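Work through the exercises below with the sequence and the model at hand. Each task is followed by a stepwise solution.

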Amino acid sequence: MQQLIINITNESKARSLINFLKQLDFIHIEKINTEKQILEFQSEISKSFKDLKEGNVSSWKNKKITLKNA
């Protein structure tokens, strides 16, 4: 599978291209809401800073983590 990101500056032409691509059976179009992704990222950063300020963190010194394939 190959993914491409295409930035189109003309909204009308973008709609025409997407409508054409939807007709092709080997192309899957996924619309990503970048504003939502940014808000989620900002929320996670805020939570991390809150944890730091409240002291809800610990040191990694002498700790072990085991990761297994799911």
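This is a predicted model: local features need pLDDT of at least 70, side-chain atom pairs count only at pLDDT 80 or more; totals for chains, interfaces and linings use all residues.

**Exercise 1.** Find which element gives the largest share of the lining of the largest pocket, then describe that pocket.

*Solution.* 
- Start with the element. Helix α1 supplies 7 residues, the largest share of the lining.
- Next, the volume. The largest pocket holds about 1,300 Å³.
- Then the residues. The lining counts 26 of them, and L4, I5, I6, I29 and E30 are the closest to the pocket centre.
- The lining splits into 13 nonpolar, 8 polar and 5 charged residues.

**Exercise 2.** How many salt bridges does the structure hold? Locate each one and classify its residues.

*Solution.* 
- Take the count. The structure holds 2 salt bridges.
- Side chains of opposite charge can pair when their charged atoms come close.
- Use the cut-off. The nitrogen must lie within 4 Å of the carboxyl oxygen.
- Take the E11 and R15 pair. Their side chains meet at 3.6 Å, N to O.
- Locate that pair. E11 and R15 both sit in helix α1, residues 11-22, and are 4 residues apart, about one turn of the helix.
- Classify E11. Its relative accessibility is 57%, so E11 is exposed.
- Classify R15. Its relative accessibility is 48%, so R15 is partly exposed.
- Turn to E44 and K47. Their closest N and O atoms are 3.9 Å apart.
- Locate this pair. E44 and K47 both belong to helix α2, residues 34-54, with a spacing of 3 residues, about one turn of the helix.
- Classify E44. A value of 46% makes E44 partly exposed.
- Classify K47. With 48% relative accessible area, K47 is partly exposed.

Methods. Residues are numbered from 1 along each chain as its sequence is written. Side-chain values use heavy atoms; hydrogens and water are left out. Helices (H or I, at least four residues) and strands (E, at least two) are DSSP runs, numbered from the N terminus. Buried means under 20% relative accessible area, exposed over 50%, partly exposed in between (1.4 Å probe, protein chains only). On a 1 Å grid over the protein atoms alone, a cavity is a set of points where a 1.4 Å probe fits but cannot get out, and a pocket is an open set with protein on both sides within 12 Å along at least five of seven lines; lining residues have an atom within 4 Å of a point. Grid points are joined across faces, edges and corners, and a volume is the space filled by probe spheres set on the points. Ala, Val, Leu, Ile, Met, Phe, Trp, Tyr, Cys and Pro count as nonpolar, Asp, Glu, Lys and Arg as charged, and the others, Gly among them, as polar.
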